[in-house]
Amino acid sequence: MKKQTVRKLFQYLGRHKLFLAFSLLLSAVSVLCSLCVPLLIGDAIDDILGPADVDFSGIMKYLLTAAVLIGISALASWINAMINNAISFRIVREIRAEAFRKITEVPVSYLDSHKSGEIVSRMIADVDQLSDGLLLGFSQFFTGIVTILGTLFCMILKSPLIALVVVVLTPASLLLAKFIAGRTYHLTKKQAEVRGEQTGIIDEMIGNQKLVTAFAHEKESLAQFDEVNERMTEASLRATFFSSLVNPSTRLINNSIYAVVTLVGSFTVIGGRLSVGGLSTLLGYAGQYAKPFNEISEVITELQNALACAGRVFDLISYEWQDPMPETVSGFEP
């Protein structure tokens, strides 16, 4: 189910290839500029040879170049965010239009078998959750991929040994995040289903308040709502708790990788195979390398919730039914 949902989302993304190309290009520009900054800082550190031997003009040149690159990176990130917003809201508009069109076409039996509030929840709340997830995903996905690949490439050029240490230790962070996220998806899907059920009950009680009062159904309605509300509380707590484990777990592993890089780099400096500025550059790359993992783990709850909500919306859009009145066979006369 999760793979089908992701596949359908990519189908919608395919309709905006030009915007995606610009987004990827701007992500590359932003990341490349940010990758040059640690190199410049490292070179500036190497120009500080001693108390009476400091190349101030060289240091100033490196700092000014770094400032320009930081400005370009910030500008590219700002424009990229605007493009990502446009892609996200265009996709959400298309999904909501298709869902509304499907509601106008489905037979009455479908509407009778589903609470109106539950359908409204899919059209509004679930699509809004999907919109938030798309924004977070776009803001992290392209930039994160380019950052990871770019930092690894630069670290290999600077010190293959330290790059090998990072590559060997990275799968631990990925496997742990995948393990927790796989279980979080089912919990967020359950949360979305209970939220739709809760919305359906509220919509029915408000829309039929006169009937509820006329037949003295207040206590039964309240008991029904309390039962659903309890399940909603339990589902939300479990989903939030398990998803919140991803960020501290990945940060622990990534900080351990940073510490190992520092240790190995220090021995490399002592051995004369790396300068102090080079070690500073590698530590900067190690921090940039871990940043995408930390950022994605911070929003894993929203991403999982967005996928679960997208699955519910796509179930509505892809609903098929058989025509109870088949076409009359050609040439047949009753």
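Asp47 lies in the loop that connects helix H2 with strand E1 (48-50), in a model that is predicted. Helices (H or I, at least four residues) and strands (E, at least two) are DSSP runs numbered from the N terminus. With a relative accessibility of 19%, Asp47 counts as buried, a class defined by a relative accessible area under 20%, whereas exposed means over 50% and partly exposed in between (1.4 Å probe, protein chains only). Neighbours within four places in sequence left aside, Asp47 is in contact (heavy atoms within 4.5 Å) with Asp53, Val54, Asp55, Gly58, Ile59 and Tyr62. Between Asp47 and Ser57, 10 residues apart in sequence, the C-alpha to C-alpha distance is 9.7 Å.

In this predicted model, local features need pLDDT of at least 70 and side-chain atom pairs count only at pLDDT 80 or more, while totals for chains, interfaces and linings use all residues. Residues are numbered from 1 along each chain as its sequence is written, and side-chain values use heavy atoms, with hydrogens and water left out.

Helix H2 (residues 17-46) packs with helix H3 (residues 56-105) at an angle of about 160 degrees, their axes being 8 Å apart. Axes are lines fitted to C-alpha atoms, for helices over the stretch in contact, and angles run from 0 to 180 degrees between N-to-C directions. The angle makes H2 roughly antiparallel to H3; angles over 145 degrees receive this description, those under 35 count as roughly parallel, those from 65 to 115 as roughly perpendicular and the rest as oblique. The contact of H2 with H3 comprises 22 nonpolar, 9 polar and 2 charged residues. In this classification, Ala, Val, Leu, Ile, Met, Phe, Trp, Tyr, Cys and Pro count as nonpolar, Asp, Glu, Lys and Arg as charged, and the others, Gly among them, as polar.

Individual positions in other helices were also examined. Asp128, in helix H5 (residues 116-158), is partly exposed at 37% relative accessibility. Leu175, in helix H6 (residues 160-207), is exposed, its relative accessible area being 59%. Although Leu175 and Thr250 are 75 residues apart along the chain, their C-alpha atoms are separated by 9.8 Å. Val212 belongs to helix H7 (residues 209-214) and is buried, with a relative accessible area of 10%. Beyond its neighbours within four places in sequence, Val212 is in contact with Met205, His217, Glu218 and Ser221.

Ser221 is also one of the buried residues of H8, together with Val228, Met232, Ala235, Ser236, Ala239 and Ser243. Helix H8 (residues 218-244) has 27 residues, which should span 39 Å at 1.5 Å a residue; the end C-alpha atoms are 38 Å apart, in agreement with that value. The expected span is 1.5 Å times one less than the number of residues.

The axes of H8 and helix H9 (residues 246-270) come within 5 Å and cross at roughly 5 degrees, which makes H8 roughly parallel to H9. Phe242, Ser243 and Ser244 of H8 meet Val246, Asn247 and Pro248 of H9. By class, the residues of this contact are 3 nonpolar, 3 polar and no charged. H9 itself, with 25 residues, reaches 36 Å from its first C-alpha to its last, close to the 36 Å expected at 1.5 Å a residue. Its buried residues are Val246, Asn247, Ser249, Thr250, Ile253, Asn254, Ile257, Val261, Val264, Gly265 and Thr268. Gly272, which follows H9, has a positive phi near 85 degrees.
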